[in-house]
Amino acid sequence: MRHLVALSDLSSNEIEAILAIAADLKSKFQQGVREPLLPGRMMALVFEKQSLRTRVSFETCMTHLGGGSLMLGDDAGFGKRESIADFTRVLSAMVDVIVVRSKAHSTVEQVAEHATCPVVNGLTDLDHPCQALADLLTVREEFGGLEGKRITWVGDGNNVARSLAVGCAKTGAEFAIAAPEGYQFPKEFVGQLKADCPEALISETDDPHAAVNGAAAIYTDVWASMGQEAEEEQRKRDFADYQVNGRLMAAAPSDAIFLHCLPAKRGQEVTDEVIDSPQSRVVEQAANRMHAQKGVLAWLLGAKS
């Protein structure tokens with residue numbers, strides 16, 4: 001039995017297998033086919049944080065696959081009414097897969113430790129593997145492949161950035177991050193990534209204009225999230241020169257696309273002229289959450305397309 005707690009759990013071949021299933025099911029979806037690969041399977045969503053894209057994409061994709069889902073919010077008492085171990089043992093005896101969206105990565109690790117069914121990380125403070133898979137699917141669709149394509153992250157080296165860096169390293173894409181000092185990746189993370197993927201193409205700079213030069217995709221996220229809201233005013237000052245605007249996009253190739261995992265704070269990390277421009281793929285990227293997660297569920301549960 002496999003879990004998807006972090007994208008680093010997957011090999012390069014496994015990521016490719018998931019993306020291939022996702023692309024196949026997306027093609028069928030666009031032809032009006034919802035292939036019921038998981039009839040009768042039940043998915044539990046355990047969410048500690050608000051969600052639009054993660055909840056809707058998981059619930060919809062499981063329905064398309066022929067299964068069902070149930071949402072467990074505060075009323076289930078997760079982490080409050082009983083131990084996480086007891087909660088997980090009982091829940092996993094009744095469902096086929098558990099998706100956990102938590103403030104703490106250690107919570108998803110605890111669920112995976114005690115579950116008797118696959119567990120999927122729906123977002124934590126350290127990792128967002130399903131978002132990264134949707135991002136890779138989006139870039140692959142746009143450019144016909146990932147090998148050698150540079151994805152430039154402009155902003156905080158947060159959970160989404162870390163997952164995407166791992167995904168790029170495992171698929172032959174280049175990852176560049178432009179962030180102020182103090183907001184780039186921890187040295188330990190970069191060291192482990194290069195140890196796991198010696199061929200990884202990863203670079204860090206504090207110059208966003210240099211980082212977008214030659215980029216296939218420019219990606220940003222909000223400047224404060226996952227419990228950093230108290231730092232928001234300081235972060236606004238620190239990231240003031242890292243806004244993705246028309247001037248920054250002009251420094252990138254004319255066919256570069258813009259990505260954002262959403263929700264966006266328009267006028268802060270990105271301007272309207274960029275997020276609403278013809279180069280923006282944020283809606284397609286969000287929609288790909290559903291298709292990428294179909295690939296994850298079908299792969300984890302051993303469905304054959």
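Reader: What makes Glu141 partly exposed rather than buried or exposed?

Author: This is a predicted model. Glu141 has a relative accessibility of 40%. Buried needs under 20% and exposed needs over 50%. Glu141 falls in between, so Glu141 counts as partly exposed.

Reader: Why is the contact of Glu141 with Lys26 called a salt bridge?

Author: The side chains of Glu141 and Lys26 meet at 2.8 Å, N to O. The cut-off is 4 Å, between a side-chain nitrogen of Lys or Arg and a carboxyl oxygen of Asp or Glu. The pair meets that definition, so the name applies.

Reader: How do you know that this pair links distant parts of the chain?

Author: Glu141 sits in helix α5 (residues 129–143). Lys26 sits in helix α1 (residues 12–30).

Reader: Is Lys26 buried or exposed?

Author: Lys26 is buried. Its relative accessibility is 12%, and the limit for buried is under 20%.

Reader: Which labels do Glu35 and Lys28 get?

Author: Glu35 has a relative accessible area of 21%, so Glu35 is partly exposed. Lys28 also has 21%, and therefore counts as partly exposed. Buried would need under 20%. The two form a salt bridge, with the closest N and O atoms 2.8 Å apart. Asp24, Lys28 and Glu35 are linked in a network of salt bridges.

Reader: What makes Lys265 and Glu232 a salt bridge?

Author: The closest N and O atoms of Lys265 and Glu232 are 2.9 Å apart. The limit is 4 Å. Lys265 lies in the loop between β9 (257–260) and α11 (272–275), and Glu232 in helix α9 (residues 232–238), so the pair ties together parts 33 residues apart in sequence. Lys265 is partly exposed at 33% relative accessibility, whereas Glu232 is buried at 18%.

Reader: How many salt bridges does the structure hold, and how many are counted between domain 1 and domain 2?

Author: The structure holds 16. The count between domain 1 and domain 2 is 2.

Reader: What makes the contact of Arg140 with Glu16 a salt bridge?

Author: Their side chains meet at 3.0 Å, N to O. That is within the 4 Å cut-off.

Reader: Where do domain 1 and domain 2 run?

Author: The domain assignment gives domain 1 as 3–127 + 289–303 and domain 2 as 129–285. Their C-alpha centres lie 24 Å apart. Domain 1 puts 33 residues into the contact and domain 2 puts in 23.

Reader: What area is buried between domain 1 and domain 2?

Author: About 2,100 Å². Carbon and sulfur atoms give 65% of that area. Leu7, Leu19 and Arg289 supply 29% of what domain 1 buries against domain 2, more than any other three residues.

Reader: Why might one expect nonpolar side chains to be buried together?

Author: In soluble globular proteins they tend to be.

Reader: What does Phe185 touch beyond four places in sequence?

Author: Among its contacts are Phe175, Ile177, Val190 and Ile202. Arg162 and Glu204 are also among them.

Reader: Why is Ala217 called buried?

Author: Its relative accessibility is 0%. Buried means under 20%, so Ala217 qualifies. Ala217 lies in strand β8 (residues 217–220). Leaving aside neighbours within four places, Ala217 is in contact with Val139, Arg150, Ile151, Thr152, Ile257 and Leu259.

Reader: And what makes Arg281 buried?

Author: Arg281 has 18% relative accessibility. The limit is under 20%, so Arg281 counts as buried. Its place is in the loop between α11 and α12 (282–300). Beyond four places in sequence, Arg281 touches Thr138, Glu142, Ile257, Phe258 and Leu259.

Reader: Which residues does the UniProt domain annotation cover?

Author: The unreviewed UniProt entry places "Aspartate/ornithine carbamoyltransferase Asp/Orn-binding" at residues 147–300. That span is 41% helix and 15% strand. Its end C-alpha atoms lie 25 Å apart.

Terms used: Residues numbered from 1 in each chain as written. Predicted model: local features only at pLDDT ≥ 70, side-chain atom pairs only at ≥ 80, totals over all residues. Heavy atoms only, no water. Contact = heavy atoms within 4.5 Å. UniProt positions renumbered as here; feature names shortened; annotations may be inferred. Helix = DSSP H or I, 4+ residues; strand = E, 2+ residues; numbered from the N terminus. Domains from an automatic or database assignment. Buried area = accessible area lost by both parts, 1.4 Å probe. Buried < 20%, exposed > 50% of the residue type's maximum accessible area, 1.4 Å probe, protein only.
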